[in-house]
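Biologist: Please take me through this one label by label, and tell me what stands behind each of them.

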Amino acid sequence: MVKPKEIDADQMGHVLGLLVHDLRNPAATISANVDFLQEVGLADDDSNDALQDVRLGVGELRRGLDMLHGSAAGSPATCPSRPRMEM
């Protein structure tokens with residue numbers, strides 16, 4: 001069996017940067033839709049509780065992505081960081 005080629009730190013930083021970027025976009029979309037649903041007031045109390053759970057989950061996802069981005073930040077090949085949207 002052929003052993004896979006090892007990934008160096010620059011390549012790993014690049015891969016992590018791409019992963020973080022690709023996951024931040026859907027997280028921003030989810031956050032925007034949660035905000036919209038809460039602003040228009042179409043949800044009842046149970047739905048508002050569910051939306052708050054989604055908001056908290058997206059916040060946890062973003063914190064994890066920030067940690068991954070921080071891990072990749074030492075690599076010059078990392079994608080440029082984008083402004084972080086607060087929840």
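Modeller: Gladly! A salt bridge here is a side-chain nitrogen of Lys or Arg within 4 Å of a carboxyl oxygen of Asp or Glu. Keep in mind that this is a predicted model, where local features need pLDDT of at least 70, side-chain atom pairs count only at pLDDT 80 or more, and totals for chains, interfaces and linings use all residues. Residues are numbered from 1 along each chain as its sequence is written, and side-chain values use heavy atoms, with hydrogens and water left out.

Biologist: Why are glutamate 60 and arginine 63 called a salt bridge?

Modeller: Their side chains meet at 2.7 Å, N to O, and that value is within the 4 Å limit, so the label applies. In general, side chains of opposite charge can pair when their charged atoms come close.

Biologist: What separates glutamate 60 and arginine 63 along helix H2?

Modeller: About one helical turn, because they are three residues apart in that helix. Helices are DSSP runs of H or I with at least four residues, strands are runs of E with at least two, and both are numbered from the N terminus. By that rule the protein chain has two helices and zero strands.

Biologist: How many salt bridges does the structure hold?

Modeller: Three. One of them joins arginine 24 to aspartate 66, with the closest N and O atoms 2.8 Å apart. That pair links distant parts of the chain, since arginine 24 sits in helix H1 and aspartate 66 in helix H2, 42 residues apart. Arginine 55 and aspartate 35 also meet in a salt bridge, at 2.4 Å, N to O. Again distant parts of the chain are linked: arginine 55 is in helix H2 and aspartate 35 in helix H1, 20 residues apart.

Biologist: How do you know whether arginine 55 is buried or exposed?

Modeller: Buried means under 20% relative accessible area, exposed means over 50%, and partly exposed is in between (1.4 Å probe, protein chains only). Arginine 55 has 16%, so it is buried.

Biologist: What makes Phe36, Leu37, Val40 and Leu42 a nonpolar patch?

Modeller: Patches take residues with over 30% relative accessible area and no salt bridge, joining nonpolar side chains (Val, Leu, Ile, Met, Phe, Trp, Tyr) within 5 Å and like charges within 9 Å. Phenylalanine 36 has 45% relative accessibility, so it is partly exposed, and leucine 37, at 34%, also counts as partly exposed. The patch covers about 380 Å², by the Shrake-Rupley method with a 1.4 Å probe, where only the protein chains shown count as cover for residues.

Biologist: Which residues does leucine 37 touch, beyond those up to four places away in sequence?

Modeller: Leu42 and Leu51, where a contact means heavy atoms within 4.5 Å. The C-alpha atoms of leucine 37 and leucine 51 are separated by 8.3 Å, though the two are 14 residues apart along the chain.

Biologist: What makes aspartate 46 exposed?

Modeller: Its relative accessible area is 61%, so the label is exposed. Aspartate 46 lies in helix H2, which runs over residues 45-72. Glutamine 52, in that helix too, reaches 33% and is therefore partly exposed.
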